[in-house]
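Reader: Could you walk me through this one, starting with whatever sits around the ligand?
Author: Gladly, let us look at it together.

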Amino acid sequence: MTSLTLRGIVKRYGTVEVIHGIDLDVPSGEFVVFVGPSGCGKSTLLRMIAGLEAISGGEFCIDGVRVNEVPPAKREIAMVFQSYALYPHMTVYDNLAFGLQTAGEKKDVIEQRVQLAAAMLKIDPYLQRKPKALSGGQRQRVAIGRAIVRNPKLFLFDEPLSNLDAELRVQMRVELSRLHAELGTTMIYVTHDQVEAMTMADRIVVLRDGVIEQSGTPLELYNRPANRFVAGFIGSPKMNFLDATVAGRDAQGLRVRLPGGEVLLVAADPSKASSADAVTLGIRPEHARLADSGLPVSVGLIEQLGGNTVLYGTLTAQQPV
Ligand code: ADP
Ligand code: MG
């Protein structure tokens with residue numbers, strides 16, 4: 001059982017503040033994904049949780065106990081990085097066993113834990129190989145295995161699948177979700193890939209420029225994005241954003257006028273805007289339908305993906321959709 005509490009967490013490098021006061025509660029056993037564009041502070045936040053980076057302000061608690069000053073080795077946290085960071089001169093077995101050996105663990109306990117992790121990750125056939133004789137996916141599994149054998153209270157993953165090809169990433173994604181279901185351990189997973197976030201997370205935390213833009217279940221973020229950034233970040237192909245003005249209000253919602261003159265009725269809270277206000281209309285691509293009336297679109301490009309077809313085009317006033 002491991003819950004985390006972050007209160008007003010700040011990180012400064014010299015005079016530059018990169019994390020601006022993060023408040024977050026992670027209940028025990030949750031799979032939380034930090035997602036956001038490159039440089040938004042995902043790794044920094046994770047490293048502060050691991051204890052690899054000093055916390056400049058605020059309080060971080062594990063199971064209600066402040067751990068700001070607790071060194072990484074005492075936090076019982078295991079971290080997996082994008083670069084596998086395996087020992088090249090050691091066999092897979094020794095890579096898995098090394099941390100337990102240095103911790104003075106008994107030989108039979110080490111043997112048992114290594115075999116268990118190896119079986120779980122299906123790397124048992126390679127235990128006597130060196131890392132250079134493994135594929136990228138197998139190496140990443142060894143790196144994950146090294147975290148598992150330590151029996152940590154908390155797993156941290158920093159973009160662990162970024163070095164793998166697309167097919168292997170999908171496969172590892174499924175395996176990691178299964179691993180979480182099997183172990184039930186609290187996990188925090190960092191990625192810039194919103195598909196990974198949507199498919200793996202119990203809860204997604206969307207970060208931008210060192211602040212949390214929104215935190216919620218994947219479908220909460222998808223269906224009720226808190227702001228335009230989250231709306232544009234979650235979903236592929238991206239949501240369309242159209243500049244519009246409020247043309248009127250009625251009981252069913254707002255009527256908005258597009259630059260091409262078309263007026264649409266939108267199921268938005270009519271109390272949130274007044275006539276002539278400038279607004280942005282967000283439309284998910286999959287909500288468009290072919291019809292004889294509505295918005296005329298001239299199609300420029302067609303992407304056929306088999307199951308889906310994506311059309312790129314422009315509206316009357318040349319807005320891209
Ligand atoms: P992400 O993992 O989301 O891509 P990082 O957490 O690595 O982002 O970085 C967040 C911000 O902190 C970036 O602007 C980065 O340049 C800055 N940063 C990270 N490490 C250092 C450091 N050691 N010194 C100064 N600035 C840093
Ligand atoms: Mg990073």
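**Ligand contacts and a hairpin**

Author: In this predicted model, a polar backbone atom of Cys40 is 3.2 Å from an oxygen atom of ligand 1, which counts as a polar contact (a pair of N or O atoms within 3.5 Å). The protein covers 55% of the 560 Å² of accessible area that ligand 1 has on its own, by the Shrake-Rupley method with a 1.4 Å probe.

Reader: What lies 2.9 Å from an oxygen atom of ligand 1?
Author: That is a backbone N or O atom of Lys42, while a polar side-chain atom of Tyr13 lies 3.3 Å from a nitrogen atom of the ligand.

Reader: Which helix gives the largest share of the shell around ligand 1?
Author: Helix α1 (residues 42-50) does, with 3 residues; helices here are DSSP runs of H or I with at least four residues, and strands are E runs of at least two.

Reader: Changing topic, how do strands β9 and β10 run?
Author: Strand β9 (residues 203-208) and strand β10 (residues 211-216) run antiparallel and are joined by 5 bridges, where pairing requires at least two bridges found by DSSP. Ile204 has Gly216 in β10 as its bridge partner.

Reader: And what is in the turn of that hairpin?
Author: There are 2 residues between β9 and β10, and Asp209 in the turn has a positive phi of about 45°.

Reader: Which conventions apply?
Author: Residues are numbered from 1 along each chain as written, with chains lettered from A and ligands numbered from 1 in written order. Local features need pLDDT of at least 70 and side-chain atom pairs 80 or more, while totals for chains, interfaces and linings use all residues, and side-chain values use heavy atoms, without hydrogens or water.

Definitions and conventions:
Polar contact = N/O pair within 3.5 Å; in protein donor to acceptor, adjacent residues only side chain to side chain.
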